[in-house]
Amino acid sequence: MAYTDILFLFLFLPISLLLYYICKERLRKYVLLALSIVFYACGSFAHLALVLVSVGINILLGRAMDGQRERAALKKGILGIGVLYNVSILLYYKYTDFLLLTVGRVTGADVALKNLILPMGLSFLTFRAISYLADIYHGSIAPRGNMADGALYLLFFPQIQSGPLARYSDMQADGEAPRADFLKTEGFSEGCYRFITGFNKKILLANTLSNITSETFAVGARMSTAYAWLGAVCYSLQLYFDFSGYSDMAIGVGMMLGYRCPENFRYPYMTESVSQFWRRWHITLGAWFRDYVYIPLGGSRAKKRSRCYLNLLAVWALTGLWHGASWNFLFWGLGYFLAIWFERVTGWPEKFRSKAGKCLYRAGVLLFINFQWVIFRAEGLREGLRYIRNMLLFAADPLADARAMFLLGDYLAFILAAVIFCFPVVPWLEKRLARRKATAAAWEMAVVLVNGFLLVWAVSFVVAGRNDPFVYANF
């Protein structure tokens, strides 16, 4: 069940909010836990038992660690068991066929693939469970009252599918006792606004742009340079509005329920460097790898510079493989490692003195990111490299060029809107207009009317069946 499904919009979400707020405050976490289990059952019923058992095991391991505060070796052993258990489930469901296929290609043997169905949100659930155990091990959190608290953190339905990767301490700080009058506060209305914004991003921009990207990436060899560039740029825009739209919706639902979720995107295409891009894109994933992989390996504190780079290499190899069991994802991750390594070695772009140099470097960074998204989107590494070759060879094809011009004309308004809203246009306008009461009031009214109109338009798309699944739901 996706956030953009009719079932979620008009049945599950309204009923969840109603039940959550009419029940007594002390019962709310149990109601929310039950709703999270129902949500998971609707999306992946076949794996519900596996997920519930996994949640129970992680909670028990966390409590076992918390009871061994004076026995460091035993605590470390329990943590190791917990990490191994969670990673093993992820490896089995997500990477079994990849490993079998690789062995088959190397040995020439005829290997039968298992074609396992990935449990909903398994990658995100695994990372949440590992962070939960690691934080207990380091003493930064302690399991509270009963098992419902840990289970709610692991299964919290606004975040179970595709994040953001909140920490247990985030839930503890803002979700311990949601206020009874939350419906009357700005938090609830702000949550509604965030949800509607994300919904409009996903349906009106991401889904519309997917019409272009699905076509261009499926064409294969017969492709002109203009056609290839149109598809690549539209995919960069589609992926941003798809995933940031989901994050906005997840954050919005959390706020409606009284929980503050961490931000996951900060206008990443405004970046000045590759390193900065990953401080703006999928922020919670980057923070997870930094805190639970990079720093435990030694991070940047290693005495030898080569060790720092090895730590960085491990992080980006794992980041690539986390996104998918395919060589193109590993290549994608290693590409970012090389780019960030290059920036650390050269000190670019901080060393540039002129604005022209910085602007040229920024343009180069955006081109690199665009090529990386092509690798990310392609069915395989060979297909991705072939697509990039078509972008660079300046090949002409009358039919492909004509099709590119037709698509550009047909979708120009949506493409321009996507480009504009990649930048903080709305916050900039809001800040300028808020200086005067008259313009501030007019702005607020305009926001309500425009969002209302866009919401109705987007809902009409969903009712008509024009609704694609979230891209990151695959990971």
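**Salt bridges, burial and a charged patch**

Tutor: Let's start with a pair: Asp-149 and Lys-29 form a salt bridge, with the closest N and O atoms 3.2 Å apart. Asp-149 sits in helix α6 (residues 147-155) and Lys-29 in helix α2 (residues 28-44), 120 residues apart. Keep in mind that this is a predicted model.

Student: What makes Asp-149 and Lys-29 a salt bridge?

Tutor: The cut-off is a side-chain nitrogen of Lys or Arg within 4 Å of a carboxyl oxygen of Asp or Glu. Here the N and O atoms of Lys-29 and Asp-149 are 3.2 Å apart, so the pair qualifies.

Student: Why is Asp-149 called buried, and what is Lys-29 called?

Tutor: Buried means under 20% relative accessible area. Asp-149 has 9%, so it counts as buried. Lys-29 has 23%, so it falls in the partly exposed class.

Student: Which salt bridge does Asp-248 make with Lys-201, and how do you know it counts?

Tutor: Their side chains meet at 2.8 Å, N to O, and the limit is 4 Å, so it counts. Asp-248 lies in helix α9 (residues 225-256) and Lys-201 in helix α8, so the bridge ties together parts 47 residues apart in sequence. Both ends make the buried cut-off too: Asp-248 has a relative accessible area of 9%, and Lys-201 is at 17%.

Student: What joins Asp-248 and Lys-201 to other residues?

Tutor: Salt bridges with shared partners put Arg-194, Lys-201, Asp-248 and Glu-263 into one network.

Student: Phe-195 is in helix α8 too. Why is Phe-195 called buried?

Tutor: Its relative accessible area is 7%, and the limit is 20%, so Phe-195 is buried. Among the residues it touches are Tyr-3, Phe-8, Asp-248 and Met-256.

Student: What makes helix α11 (residues 283-294) largely enclosed?

Tutor: Count the residues: 9 of its 12 are buried, so the rest of the structure largely encloses it. Trp-288 and Phe-289 are among the buried ones. The buried residues pack against α5, α10, α12 and α13.

Student: And at the surface, which residues gather in a patch of positive charge?

Tutor: Arg-105, Arg-382, Arg-386 and Arg-389. Helix α15 (residues 381-392) gives the most, with 3 residues, while Arg-105 lies in helix α4 (residues 72-107).

Note on methods
Residues numbered from 1 in each chain as written. Predicted model: local features only at pLDDT ≥ 70, side-chain atom pairs only at ≥ 80, totals over all residues. Heavy atoms only, no water. Patch = residues over 30% accessible without salt bridge, like charges linked within 9 Å, V, L, I, M, F, W, Y side chains within 5 Å. Areas by Shrake-Rupley, 256 points an atom, 1.4 Å probe, with all protein chains shown as cover. Lys, Arg positive; Asp, Glu negative; His and termini not counted. Charge placed at Lys NZ, Arg CZ, Asp CG, Glu CD. Helix = DSSP H or I, 4+ residues; strand = E, 2+ residues; numbered from the N terminus. Buried < 20%, exposed > 50% of the residue type's maximum accessible area, 1.4 Å probe, protein only. Contact = heavy atoms within 4.5 Å. Lists of a residue's contacts leave out its neighbours within four places in sequence.
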